[in-house]
Number of protein chains: 2
Amino acid sequence: MPSADRRIPARRKPRQVRAELTRERILTAAAHVFTEYGYAAGTTNRIADHAHVSIGSLYQYFPNKEAILAELMVRHIDRGMWTEADELELTPGSLETTVRALVRDAVDNHRDDPQLLRIMLEEASLSQELLDTIERHGKKRVGQVRDLLARHPDVHVGDLGMAAELIVFTVETNTHKVMADPRAIPIETFEDELVAMVTRYLRGDR
Amino acid sequence: MPSADRRIPARRKPRQVRAELTRERILTAAAHVFTEYGYAAGTTNRIADHAHVSIGSLYQYFPNKEAILAELMVRHIDRGMWTEADELELTPGSLETTVRALVRDAVDNHRDDPQLLRIMLEEASLSQELLDTIERHGKKRVGQVRDLLARHPDVHVGDLGMAAELIVFTVETNTHKVMADPRAIPIETFEDELVAMVTRYLRGDR
DNA sequence: CAAAGAGCTGAGTTATTGCTCACAATACTG
DNA sequence: CAGTATTGTGAGCAATAACTCAGCTCTTTG
């Protein structure tokens, strides 16, 4: 492994469609390879092989291995970002309906490739910059949920911010677990329990 | 990195106290090094250095790097296992008290070295055997909690097994998160919310 | 106290992997 | 179609890290 901090030369920017396709093939292959082998064992040569591309080509579009993972991560985050329209859409209905929508949202976010997400979050040591992006995304999401809860009449909790944080994290990790586990519990059943837990919590029953 | 599956020669078993001490020093150093550098960058040479032991000695007691982590993991699990006495001790009291005890237990389990636990669980790719041990431990724990809930009069949930699973996982991961995050939320506050959530869920209020 | 064995050493071997670079192939342009 | 720019190739370099082994020191034992 070469020294980590070396001057990273600027990469060529694709000008022809061919090049753009190559880039995409590399990313697709990387997703597959990381999923199958994990981050450490998902070598750049393996990725290149899988993409039917030479290792040299790979390094023409990505300055290093981490950059590939970073791009996958950024794309995932972008896909998962709520638009304001989505947010409004969640407002009406009973508390349970709202919570269920939240859970469904988390499930959708994991649908593509739960294994890959796990690897991205857990296995690879991401750059500080990327971690910051994820952090910001998380904070924004907690904020959205907090606002959502604030607008709902049935919510009775002490600290709304903390409740939002607790909920987002709990829903996220539980979904993550059920989706990532091959021999998983049926999602529907688990979803019901999760929804029940969160709903009862928010309702603040004594 | 040498090929993963090679004949692993039997290691020397310590016969003198001196040897036992060396083994312990290696394990202690490994815990420190893994915590500070992570698993991948926590090299065997670094561990040996930190333990003031030659790399050769290290390999006299552990067949490979993973075995070191495995031993740390097994020890952690053993420490965290409930005895029957512990179990009985948890029975009496209000539901909230019981839940709080559960949460406290998780906190205690993370107290030693939350970073290390994170590394063990997330970063390293553990052997199937070790994963099975962890799995068995998890199942046993869920079983213990299920029995605990079954004995409590205030618990009203549909599927007790699933409830136990949901609770154990939720308490575990939330605790894990708060403990591992350096700029963490005050544990007490978070604990209260977590306890509230789980308690309200179990009480099954409508 | 001397022989035997247990424990310890660390330079060196083996293997892997991220990544470069000199060159070849392909696409664009006038 | 010649000349230029872009894209693609893959052997091999350099770095790194897991692990070995020949020979040493320390402990035990008779």
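**Cavities and contact**

Q: How many cavities of 30 Å³ or more does the rule count?

A: The count is 3. A cavity is a set of points on a 1 Å grid over the protein atoms alone where a 1.4 Å probe fits but cannot get out, and lining residues have an atom within 4 Å of a point. This is a predicted model, where local features need pLDDT of at least 70, side-chain atom pairs count only at pLDDT 80 or more, and totals for chains, interfaces and linings use all residues. Residues are numbered from 1 along each chain, and chains are lettered from A in the order in which they are written.

Q: What lines the largest cavity?

A: That cavity holds about 70 Å³ of space, and its lining includes Val103(A), Phe190(A) and Glu191(A). Helix 6 (95-111), helix 9 (160-180) and helix 10 (187-203) of chain A each give two or more residues to this lining.

Q: And what about the second largest cavity?

A: Its volume is about 60 Å³. Among its lining residues are Val103(B), Phe190(B) and Glu191(B), and helix 10 of chain B gives the most, with 4 residues.

Q: How much area is buried between chain B and chain A?

A: Interface size is often given as the accessible area lost when the parts come together. Here that is about 2900 Å² (1.4 Å probe, summed over both parts). Met162(B), Met197(B) and Arg200(B) lose the most on the chain B side, together 23% of what that side buries.

Q: How many salt bridges are there between chain B and chain A?

A: There are 2 (a side-chain nitrogen of Lys or Arg within 4 Å of a carboxyl oxygen of Asp or Glu). One of them joins Glu165(B) and Lys177(A), at 3.8 Å, N to O.

How values were computed. Side-chain values use heavy atoms; hydrogens and water are left out. Buried area is the accessible area (1.4 Å probe) that two parts lose on being put together, summed over both. On a 1 Å grid over the protein atoms alone, a cavity is a set of points where a 1.4 Å probe fits but cannot get out, and a pocket is an open set with protein on both sides within 12 Å along at least five of seven lines; lining residues have an atom within 4 Å of a point. Grid points are joined across faces, edges and corners, and a volume is the space filled by probe spheres set on the points.
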